[in-house]
Amino acid sequence: MNELQTSQEQAVAKLRAIPMFSDLSADDLGTFASMVQFRHYPKGAFIVNQNDSGSVMYLLVSGRVKVSLASPDGKELALNYLEAPAHFGEMSLVDAEPRSADVIAVSDVELFSLDASDLTAAIQLNPRLAVSLIATLSRRLRNTIARLEDMAFHDATHRVMRVVLNVATASYESRGVPVIEGLTHYDIATLAGTSRETASRIISNLAKAEVVATKGRKIVVDLIRLRERLEG
């Protein structure tokens, strides 16, 4: 078996692990695999740069990335953390505008890139891709509205709890465990729009109330109790 065949089979196997493509036939997966390019980025690498022209979207196969904005004086605002399986970079393909944010690998990352010229063919092959793109854009808009609401109407305690709930819920939905892993208190603070010291104090109070439990570098979250506190 030559190297090209091996690479193709590996791409098919990685695509099959993405729920969006899990029900495609072997032939369709092979066709889709021929459209994408496999890429690897080490921790800390910039995958997407804000304001660059964008002609590629990305399918995150493994690892975690941070979506953020940077001010001219070097301050950073983290908008989101995405964990595989996920996709990003599709906005520039849809509206032909420059990239709206930086995307940075916060762990070693594996992903597939899909060129804009192949997007139409990919959607024809798997119409669920179009539905997924629309759902993702809608979800991100709702998340942005929710963050604006939190910033305008809620204090730092509420905002930190909301971030903890969102991250832990995403972990539960993807891995079956409501855990925050790979995010520091500083990372949580930037998502909540507060200081690291404030975020650490709030997380400590949640631990005392047995809403969260710290195990090494992981934060295990009681989703029911945390929702009750937020609603209260």
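Colleague: Where is Ser 113 found?

Modeller: In this model, which is predicted, Ser 113 is found in strand β8, the run of residues 109-115.

Colleague: What makes Ser 113 count as buried?

Modeller: Its relative accessibility is 5%, and since buried means under 20% relative accessible area, Ser 113 counts as buried. Leaving out residues up to four places away in sequence, Ser 113 touches Met 35, Val 36, Gln 37, Arg 39, Val 56, Met 57 and Tyr 58.

Colleague: What makes β4 and β5 a pair of strands, and in which sense do they run?

Modeller: Two strands pair if at least two bridges are found between them, and β4 and strand β5 (residues 76-83) have seven bridges, in the antiparallel sense. Within this pairing, Val 67 stands opposite Asn 80 in β5. The hairpin of β4 and β5 has five residues between the strands, and there Gly 74 takes a positive phi near 95°.

Colleague: How many bridges join β4 to β7?

Modeller: There are four bridges between β4 and strand β7 (residues 102-105), again in the antiparallel sense, and the bridge partner of Val 65 in β7 is Ala 105.

Colleague: Turning to the helices, why are α4 and α5 called roughly perpendicular to each other?

Modeller: Helix α4 (residues 116-125) and helix α5 (residues 128-153) pack at an angle of about 115°, with their axes 6 Å apart. Angles of 65 to 115 degrees count as roughly perpendicular, and α4 and α5 are therefore given that description.

Colleague: Which residues meet where α4 packs with α5, and how do they divide by class?

Modeller: Leu 119, Ala 122 and Ile 123 in α4 meet Leu 129, Ala 130 and Leu 133 in α5, and the residues of this contact divide into six nonpolar, no polar and no charged.

Colleague: What makes α6 roughly perpendicular to α8?

Modeller: Helix α6 (residues 156-175) and helix α8 (residues 196-208) pack at an angle of about 70°, with their axes 10 Å apart. That angle makes α6 roughly perpendicular to α8, because the term covers 65 to 115 degrees. By class, the contact of α6 with α8 has seven nonpolar, two polar and no charged residues; among them are Ala 156 and Val 160 in α6, and Ile 202 and Leu 206 in α8.

Colleague: Why is Asp 28 called partly exposed?

Modeller: Asp 28, whose place is in helix α2 (residues 26-33), has a relative accessible area of 27%. Buried means under 20% and exposed means over 50%, with partly exposed in between, so Asp 28 is partly exposed.

Notes. Residues are numbered from 1 along each chain as its sequence is written. This is a predicted model: local features need pLDDT of at least 70, side-chain atom pairs count only at pLDDT 80 or more; totals for chains, interfaces and linings use all residues. Side-chain values use heavy atoms; hydrogens and water are left out. Axes are lines fitted to C-alpha atoms, for helices over the stretch in contact, and angles run from 0 to 180 degrees between N-to-C directions. Helices (H or I, at least four residues) and strands (E, at least two) are DSSP runs, numbered from the N terminus. Angles under 35 degrees count as roughly parallel, over 145 as roughly antiparallel, 65 to 115 as roughly perpendicular and the rest as oblique. Contact means heavy atoms within 4.5 Å. Ala, Val, Leu, Ile, Met, Phe, Trp, Tyr, Cys and Pro count as nonpolar, Asp, Glu, Lys and Arg as charged, and the others, Gly among them, as polar. Buried means under 20% relative accessible area, exposed over 50%, partly exposed in between (1.4 Å probe, protein chains only).
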